[in-house]
Amino acid sequence: MKTEEINTLFVEDSPGDARLIQELLSEEKRGLFRVTRAVTLEETLDKLSNTRFDVVILDLNLPDSAGLETYSKVQKHHPALPVVVLTGYDDQQFATLALQQGAQDYLVKGSVGHGLLVRSLLYAIERKRIEERLRRLNEELEQRVTERTVELTNFVGQLEHEIAVRKRAERTKDEFLSMVSHELRTPLSIAKEGIDLLLDRVPGEINAKQERVLSLAKRNMDRLGRIINNLLNISRMETGRLQMKLETIDFCELIHELHDTFQKRAHEKGIRIQVETEQDSIMIQADRDGIMEVLTNITDNAIKFTQRGGVRLSVEDHLDTLQCIIADTGVGIPSESLPKIFDKFEQFHRDIIRGEKGTGLGLAISRDIIEWHGGSIWVDSEPNKGTTFTFRLPKAPSRPVSRTGGREERQPVK
Amino acid sequence: MAEQQTILLVDDEHEFCELLRMRLESDGYCVQTAENGEDGLAQAVDDPPHLILLDVMMPGIDGIETLQRLKADERTKHVPVIMLTAKGDAKSVFAAKKHGGKAYLVKPCLPGDLLDQVRRNILR
């Protein structure tokens with residue numbers, strides 16, 4: 001079939017050699033090869049640019065070009081074209097060089113028969129096609145790698161930009177919160193001082209009804225004060241800017257300090273608060289203010305929600321860790337509330353005792369602080385029997401624990 | 001009866017000063033007030049009180065700088081200073097301690113805490 005004809009450019013300046021080869025090709029009875037002849041390199045390049053050829057049989061020594069340079073020039077202009085070199089030299093080294101530069105085959109005149117020539121040409125075309133496909137694939141791959149690299153670089157740039165923007169926003173937020181907290185606290189402190197003065201009868205006597213109204217106002221001002229503090233702390237925690245640092249502290253001293261702080265309140269409420277430790281001192285590496293905040297938050301709750309009995313603060317020394325237990329005999333926490341107790345804005349006692357509302361942030365902050373130290377905190381509770389908070393701290397936290405933004409959803413609730 | 005002890009209260013919030021004055025006077029102290037750092041410094045130098053209650057955030061020279069100047073002046077450096085502020089950040093507390101503040105109270109503070117600190121630190 002005409003369509004299957006192989007368009008062949010035969011470059012040969014010697015008429016004798018040309019005839020010989022053309023005879024070999026014409027032996028091909030299927031009429032597979034349609035042969036066009038060229039004599040010089042110039043003519044070769046000219047023909048190649050005007051007509052599409054499937055394969056080139058190339059003599060290296062032409063009137064206007066000699067040796068491997070002849071091949072190089074053809075290859076340079078038509079890199080995708082399969083070329084079979086045909087020369088009078090039988091030199092293996094020369095042959096290897098030609099093949100290394102991309103020639104498909106190297107045939108020596110006089111030692112080529114019909115079968116070899118045809119096979120060489122057909123294989124040359126096929127091999128070149130495969131080579132070309134590989135080359136294209138490779139190019140595509142490189143192109144894709146380049147594109148992806150650009151995408152990735154852009155992405156990294158975007159990320160860096162976003163991080164910078166976010167850091168700036170966090171800093172602004174922090175400054176903003178600090179400012180707001182100041183602006184809120186100032187009028188609050190004035191209002192509170194006014195009420196405190198009235199309650200302390202500094203300006204004059206008040207009756208029982210008036211006192212009750214003022215007490216209510218006072219309690220809610222205290223609550224507002226706590227909310228402001230906690231909001232500020234949570235925000236600092238989240239931006240990782242609540243600066244905690246490890247120092248050597250005596251945990252027993254902390255517990256006694258805590259006891260002294262709350263003793264008066266417990267006494268007024270008619271409940272006990274007692275410390276149980278076997279050691280006189282337990283030295284640990286921790287952030288003093290942070291741990292004190294945890295202890296205060298939990299003890300404050302314990303006293304708030306205990307009407308009878310009392311609160312027991314105990315510390316156990318467990319070699320590398322210490323365990324602190326704050327147990328009360330209060331109203332307890334319903335079991336369905338336990339898993340959420342360390343979440344932000346959870347107010348598990350909301351409906352139990354009127355007027356005793358917190359901010360719902362104290363325990364979330366406490367857990368953050370304990371986890372910053374590499375410790376864990378959990379709670380056990382039975383309604384109407386009491387609640388026990390337990391936390392465990394490594395005495396020497398091995399890492400300056402870096403806070404990750406998202407907390408894993410671990411619930412250290414037994 | 002001993003001479004009445006004087007407290008200089010430096011705070012730009014008039015209303016806060018007014019209430020605190022009432023509180024301190026009812027506890028038997030004589031109270032002077034100043035609404036900014038410069039004014040406070042001038043009064044303290046002129047007639048050194050037995051104690052100074054000093055707000056941190058004020059227009060003009062702030063409480064920390066006022067504290068530094070009080071401590072640098074021969075006439076006032078012996079006067080105990082308690083810092084009072086609505087800004088309870090670690091940096092201000094640290095600065096107050098570093099420059100010789102006796103205590104640091106965050107507003108709103110408990111009246112008991114305030115009187116406690118006053119009684120504990122005031123010159124006798």
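Modeller: In H1(A), the residues A:Ile21, A:Leu24 and A:Leu25 meet A:His114, A:Leu117 and A:Leu121 of H5(A), where contact means heavy atoms within 4.5 Å. By class, that contact has 5 nonpolar, 1 polar and no charged residues (Ala, Val, Leu, Ile, Met, Phe, Trp, Tyr, Cys and Pro count as nonpolar, Asp, Glu, Lys and Arg as charged, and the others, Gly among them, as polar). H1 of chain A is residues 15-26 and H5 of chain A is residues 114-199; their axes come within 9 Å and cross at roughly 80 degrees. That makes H1(A) roughly perpendicular to H5(A). Angles of 65 to 115 degrees count as roughly perpendicular, under 35 as roughly parallel, over 145 as roughly antiparallel and the rest as oblique. The axes are lines fitted to C-alpha atoms, for helices over the stretch in contact, with angles running from 0 to 180 degrees between N-to-C directions. Helices (H or I, at least four residues) and strands (E, at least two) are DSSP runs, numbered from the N terminus.

Before going on, the ground rules: this is a predicted model, where local features need pLDDT of at least 70 and side-chain atom pairs count only at pLDDT 80 or more, while totals for chains, interfaces and linings use all residues. Residues are numbered from 1 along each chain as its sequence is written, chains are lettered from A and ligands numbered from 1 in the order in which they are written, and side-chain values use heavy atoms, with hydrogens and water left out.

H5(A) also packs on chain B: its axis and that of H1 (residues 14-26) of chain B come within 9 Å and cross at roughly 25 degrees. That makes H5(A) roughly parallel to H1(B), and the crossing is left-handed (the near helix is turned anticlockwise from the far one by less than a right angle; clockwise would be right-handed). On the H5(A) side you'll find A:Ser189, A:Ile190, A:Glu193, A:Gly194, A:Asp196 and A:Leu197, meeting B:Glu15, B:Phe16, B:Leu19, B:Leu20, B:Met22 and B:Arg23 in H1(B). This contact has 6 nonpolar, 2 polar and 4 charged residues.

Within chain B, H2 (residues 37-46) and H3 (residues 63-72) pack at about 20 degrees, axes 10 Å apart. H2(B) and H3(B) are therefore roughly parallel to each other, and H2(B) passes H3(B) in a right-handed crossing.

Chain A has a mean of 84, with 89% of its residues at 70 or more; chain B averages 88, with 94% scoring at least 70. Where pLDDT is low, the predicted coordinates should not be read in detail.

Notes. pLDDT is the predictor's confidence in each residue, from 0 to 100.
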